[in-house]
Structures are given as structure tokens and as C-alpha cells.
Amino acid sequence: MLLDVEISVLRGFLTSSEATEWKQNIFNVAEVGSLLQALMDGDFEKILRSPQVLNLLNGDGSCSEGEDIGAYLERRILLYLTGATSAEKSNRELAVMILAVSCLQLFVQSNWTGPLPSIHISDLLPLALLSTQPQSQNEAVHSSLLLDGESVYSLVANPFLLLLARVILTKCSCKMDSLQLLPWWTLRYVNLHQQILEARSPQLLNLAQRSIDKVLECKPLFSEQRNLAIQFYLECVYTHLTYYEYQPAKEDIKKARELSRLTISMTGVLGKRTRFQQKYLAQLILEVKRLQDQPDRSDAEATPTPTPQAHLPKDYSLGDDTVLDEINLAEPDEFEVPDLSAEEQAVILGICTDFQKNNPVHKLTEEELLAFTSCLLSQPKFWAVEVTALCLRSKLEKGKSRCVERAMMQTQAIVDHFEDKMCPVTERLKIFHCCHAPTRWTVQKQLASLLTDLGCVSSALLMYEKLELWEDAVICYERLGQHGKAEEIVRRELEKKETPSLYCLLGDILRDHQYYDRAWDLSGCRSARAMRSKALLHLRDKEFQQCVDCFEKSLKINTMQLGVWFSLGCAYFALEGYEGAAKAFQRCVGLEPDNAEAWNNLSTAYIRLQKKDKAFRTLQEALKCNFEHWQIWENFIVVSVDIGEFAEAVKAYHRLMDLRESYKDIQILQILVRAVVENLTDSQGQEAVALKSKLKELLGRVSSRHSSDSEIWQQYALLYGGGHSSNPEENEKALQFLSKAHRCEVQAGGWEKDPGLFKEVIRRAINMGEVSVCCGKKKSNRSEALQVLSSTRLSLRALATKAKQMHTDLTTGQIHAELQDCVAALEQLITELQELSGKIRDQSQ
């Protein structure tokens, strides 16, 4: 029975069969019946004001001297749970769970859905407790909700509701072991608490992981309650994405999609986007198909009923004289979206969010996200889905001149809807927890950001000040050129109440360490933000050792600061502490596996530590994250040839040529050619000669793009045996490339006056001449042989003449000593070429 009650509470409503049974058997149960009825009716305030709850929280109204609110609540609830007889035990546990659920739902109403409830902390707790708090009531609650050095948003409404839920779900859950699905509410608490914190909390992550594992142990939930199972997996997806756990999120979204029995894919269809478009053109849409036409009856009963459209926020039309509100499809019936249930819409929204988190900010990504929002907004049914989709669409449209007005009006409408009392709270809460809707201040901040983008900086400033988002307000003052005003407003707020975050902000404005130190002391050495900001100032001033020390202190308090791990790695690089840098970037990629720059920096640290195999693997991960980053490809190709991954190096060279028109690396080509010519073994033990055809293809591409580089032609000739192959065709190819190399070298200039460079040119020319002799002797076509020999002879003669002109001593008439032997060998080769030409002519007569 208890599990059935828990399932209905999680679902948030009763099916028709359950309603009859509950009316007869459950709503009449002493102590919890009336509470359950109020819970299912959505009257959460009634539960908190009920005699049972007030008696539980107040008792005789006494409290210990100096006892904080959290400790008091824990003591009262444990007293209530442990004071029960065996017959009362399950009912009392259920009553406490109802209290926790009511607190969470009222907290959601206060900060996400609206309208604001009228309940206050003084209505629930004894005055003796509230009057003995060393701080104000609100400050005391805020202090209790601070985790890992990260404080909660200053204007969060009714935070004591979250504190009460936290105490029940984390401190007292050990005394509520008859409730199998209580950990699911703990997971929901984690998601709510995390959204009001400044940064991610490792404590909440650990709690979320434990809660997920416990819920997964409840087999009946997943075998009998398909819709609830979908909701659970979606909530897990959002938790994983919040804490950078992208792979577990993908696994859970896959499970949710499979349970929903939907096939969801992007596709192109013919349609029109503008009013004056004559022809149908390819348009991107989201194609949604259901694997079975109608959902099961039991599933249909266990899914929420749609909210009347009049109760939902207004979806503003574009109202443009050119662009249509939605794509006009050539064949609309073929791609009609089926009538989606609440869970099906939530699955589409979850896939959309996962897609957004795993793809870069790009125009194509925006178009794909708009396809998701268009699909969801075509069926306005549920408050959480509608608000989330509208906010996303507004965010995507703010950069489009034809859509920015609609984005502005739409965001304002959502802000106003928070105060609208026409839509019941029960309707707003339907599938709320598996949609990750934005907080009310997030939507207001989005509106202020839109105002800033439109140039209405003063209006945005007023909104930021009202929301007490002082960092954004300071940025607005800077944009308005009122630099002194930024400092003034922070000092004014500090006069009202000193907080670590305000001192940190003052330190940011004035770039003065003393204010970060004050914030650190004020927080009791628990402000991760204070040490983080102090470290960044040290980094700016290139005081790297102090910077590392401050970053380490900040990370000791909160290990889930992605940007801090990255900056710490950079600071270690500056100190040449490559071990420290490697550890920092390892944590960075652990938190965000698709951070290409962190992977690249990690590989650099490994290279400096001479761990090139690890560097190779980390660079492969970097390229998975960013295939377009040419600097990563350059690092990858260098490491590949270093460790003998010749095949990967060839692929990388091609990719670099795709990315950079002028890319050329002679040293890499030399290593690859040598590996193939000498048939070296690669890192896998394979012979490099197997790459010969691929390397020929690469050099063909390189030589066509850099046809005036002699060294490339030299390497191309070497690949064909350098003219010393047993294959006559390869020797002729090599001769062609050596001739081109010689022409390029002679035309390049700058080598004639330097005897050393001149000697090298002669050496290569002699090699070309020797290959010419070899090819001339083996050619069956005498006229072709004569042409080859004549061409080579002319080139060599010109070189010999130039040597004599440039490097003959006028007094002695002798060639420079360094070149004497080379020139003599060159002249001897010219004579040999001439004699061979004469013989061939004689034979042809």
C-alpha cells in the first residue's frame, strides 16, 4: 500500500480507479488522510498550516539557547519519527514525506512557477527560536543552505521551505526506511537546490548519485509505471548534464526515448518560409513518429491531462510582413506530429536540451534547436514544457533582426505570467521536475540581456539592480561610462549588509587584493569565490605562484569549478610545473569531456613530461570535441610522427590542408618519406611501406599546392626510389620530380653567393644528372632519351657557368676551394652526358 501511495504522490494526481479507492480507504486514515487529500488537491499551504504539522514543528515552543534553525528542525522531526509506536510508524513516516513534498512544491511555486504563496517562516516556527538567531531569519536560513563555499541567490523566495525539505530528505531519511521512493524526492531537492547556488556543489552531486542508485533498486516502478519511469530518467538526464556527466546523460535519454516509443529525427522537407516565396525549398523540421498508434489505456490514465491553452503563457506570433510564423509545408499531412502526451513532450524537450549541451554555438545548431521548439510549441499543453520551449526560442531569436521584437515581447509575457493567478498551481506543476524550467529571475535576467542587446542599457540596469545581480549591474555602468558609479553602488550595498560576494565584486572593480581577503575572512575561510577572484588577479599580474596557491584553496572548498581547474593548469604551465598542469587539465576534462582546449593543453603537459603515448590519446579526444581546430591538428601530427603513428600523421596532414590553404611542413614529410623508403615499423608493429600509395596521394596534393618548393619535389622523388629503383617507370617519375626540384631551387635565388649553399645545389644537380644517365641508357625510345639527356646537360652547364662566374678568384683565376671538387665532378658529368648523347645518335643513324 505504501508504495502505491508514493507512486500516486510522485505522479501528482489520481487515476479514476485510484480516486474511488482513496476516497473510501485512504483519505479517512487518521493523521495522514487529510494531509494526503490536501496534497493531491495541490493545497500545499493547507498542509503546512495543519495542526499536525504545526504541532510537529513547534511542540511546546521551546528551543535550546543559540540552536540554529536546521538543528532545531532535525531534532523536532526525529523526535516525531522515533516517538511513534510500531502501528503509527508508517503513517508518521508518510506524514513527514508529505511535509517534505509540500515544502518542495511550495518552493517551486515561490521561485519557478508563481504566483508567490503567502506563507512565512514565522507562521511555522516558534518565535522563541526565531528571536534567538544571531542573524536575521533570512540570513540564518541562507547560511544553512550554503554548500561548498557557494552561497544561494540573495532574492530566493521562501528559502526556509527548501531548508525544511533538506533536513527531512538528508538528515531524517534514515528513520523513514519503509518509504522506497523517498530518494526520488531527494533527487528533486538536489536539482532545485543546485539551481539557486552560485556554482555546482560536489556535495549535491554525491547526494544525487546515491539517490539515483536507491531509486533504481525499486523494480516495480520501472516494470509497471512506464510514464513515471520516463520522468525519472529525464530527471537523471538534467542532473547529469548539470554536473558535466554527458555520457550517463546520453544513456538515460536513450532509455527515456525507448520507453516513450517515439522515433525522433531531423529531416528535410519542401516548404516555404516567407510570404512571397514562389517555390518550395528544403526546410529543416523535427519528424516525430509513434511506434504504436495509440498509447495503452493504463498509460493514458497515468499521464497528466493537458492544461487549457488560455491558462498558458501567450505564444506571440512573429507579425512580420515577410517571414511566416511557421513553415508552410508542401505536404503537411505526411509530417504531422502525433498528439503527444506529457511524457512524450518532456522526452522531446530532454533530447533538445541534451543536443544543445553537446553541440557548439553555431547557426546550424540554432536551426536544429528551433526545429525542436517549433515541434513542441505546435501543441501547447503543459506549462513547464511551454515556458521552457518559449524561453529557448526567445534566446535563439535575439540575434535575428526580424525576430528580436517577438523575443522581447515573449520574454516579458513569461515574466508577467509569474504573477498571473488564472493558471492553477497544480496545472503549472504538471511534469515540472522533468522539464528543468528556468527560475523566475533567470527569465528576468534573460529579459534584461535582451534590453542590453537592443541598446536599452539603462532599462537593463534597473532590472539588474532590482534583481540584486550586482555583477551585471556593474557591467551596465561600465557600458554607460559611469565607472565611479559601479564602485558607489557596491559600497552602498555593503553599508546595508556586508557579504563576501559584495566584497569580491568590489575587489573586481578596484582590482585590489584587500577586498578579497576581507571576503575570505568574512566567510570564515569558506568563500570559494574570494580565492578564485584573488587568484585571477594574481594571474593577471603574472604572479603565478601566488595564483596557484589561491586556486588550490578555492578548489579545496569546491572541486567542481571547471574554469578554475583550467586556469590553474595555465598557471602551472607558466611555472613549468607540468605535473601540476597535467593534474589540473585531467580534472578539467573529467568535468567537461568535450572541452577540446583542455584536452589539447593536457596533451601539451604530457609532451613536456615525455609521455607521448598519453599525449597522442588525449589529442585524439581533443579532435573528437573540435574537428576544426588547426592548432590541435598540428600538435597531433607532431606527436603522431614522434611515436610512429604514421597512418594517423598522413590523415592529419590531409586535414590540415583542408583547414589551412597554405599549410606546409617539410620536416613531417621528410619523416614520413623516410619511414616508407626505409620500411620502418609503426607503433602497432606494421610495416610503413604499406602507406606508400597513400603517401604518394598526399605528396601529389602537396606538390600541386606548393609547386615552387624544391624540397617537396625532392621528397616526392625519394618516394619513387630517388632514381635508383629497379622499376624503370619509377625512375622516370623520380627524374621528373628531381628536374622540377632543380628548377625550383635555381629560380628561388639567394644561394648563388654562399659557397656552402651553392655546393648543396651542385650536389643535388649531380644526383639528377646521374639519374638522367641511368634513365637515358634504359630508354628504348632514342629521341626521348636524347631529349632527357639534352635537357639535363643544359641545366648542369648553366650551373657550372654560374659557379665560375660567381666564385672565380680574379687574381688567381681559380674557383673557390670549397667548390673546386664539385664543379670538376659537374663538368665530368656534363662530358659523360654529351658522350652518351653522341652514342645514342650514332646508334639511331
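**Ground rules**

I number residues from 1 along each chain as its sequence is written, and I leave hydrogens and water out, since side-chain values use heavy atoms. As the model is predicted, local features need pLDDT of at least 70 and side-chain atom pairs count only at pLDDT 80 or more, while totals for chains, interfaces and linings use all residues.

**Entry 1: salt bridges**

I began with the total: the structure holds 49 salt bridges (a side-chain nitrogen of Lys or Arg within 4 Å of a carboxyl oxygen of Asp or Glu). A reminder to myself: side chains of opposite charge can pair when their charged atoms come close.

I then looked up Glu427 and Lys430, whose side chains form a salt bridge at 3.0 Å, N to O. Are these two residues buried or exposed? Both Glu427 and Lys430 are buried (buried is under 20% relative accessible area, exposed over 50%, partly exposed in between, with a 1.4 Å probe and protein chains only).

**Entry 2: around Glu493**

Glu493 turned up in two of my look-ups. Its side chain meets that of Arg492 in a salt bridge of 3.4 Å, N to O. Lys496 also forms a salt bridge with Glu493, with the closest N and O atoms 3.1 Å apart.

I checked where Lys496 and Glu493 sit: they are 3 residues apart in helix α25 (residues 483-496), so about one helical turn separates them. Helices here are DSSP runs (H or I, at least four residues) and strands likewise (E, at least two), numbered from the N terminus.

Accessibility came next. Glu493 counts as buried because its relative accessible area is 9%. Arg492 is partly exposed at 39%, and Lys496 is exposed at 60%.

**Entry 3: a network**

I also noted a network of salt bridges that links Glu711, Glu745, Glu760, Arg763 and Arg764.

**Entry 4: the sheet**

In what order do the 3 strands of the open sheet run? I read β2-β1-β3, with antiparallel pairing (two strands pair if DSSP finds at least two bridges between them). The edge strands, each pairing on one side only, are β2 (281-290) and β3 (323-329). From one strand to the next, the twist averages 50°.

Strand β1 (residues 262-274) pairs with β2 over 10 bridges, in the antiparallel sense. For Ile264, I found the bridge partner Val288 in β2.

Helix α17 (residues 342-357) packs on the sheet and touches β1 and β2 (contact is heavy atoms within 4.5 Å). Its direction makes about 80° with that of β1; axes are lines fitted to C-alpha atoms, for helices over the stretch in contact, and angles run from 0 to 180 degrees between N-to-C directions. Helix α18 (residues 363-377) also packs there, touching β1 and β2, and its direction makes about 50° with that of β2.
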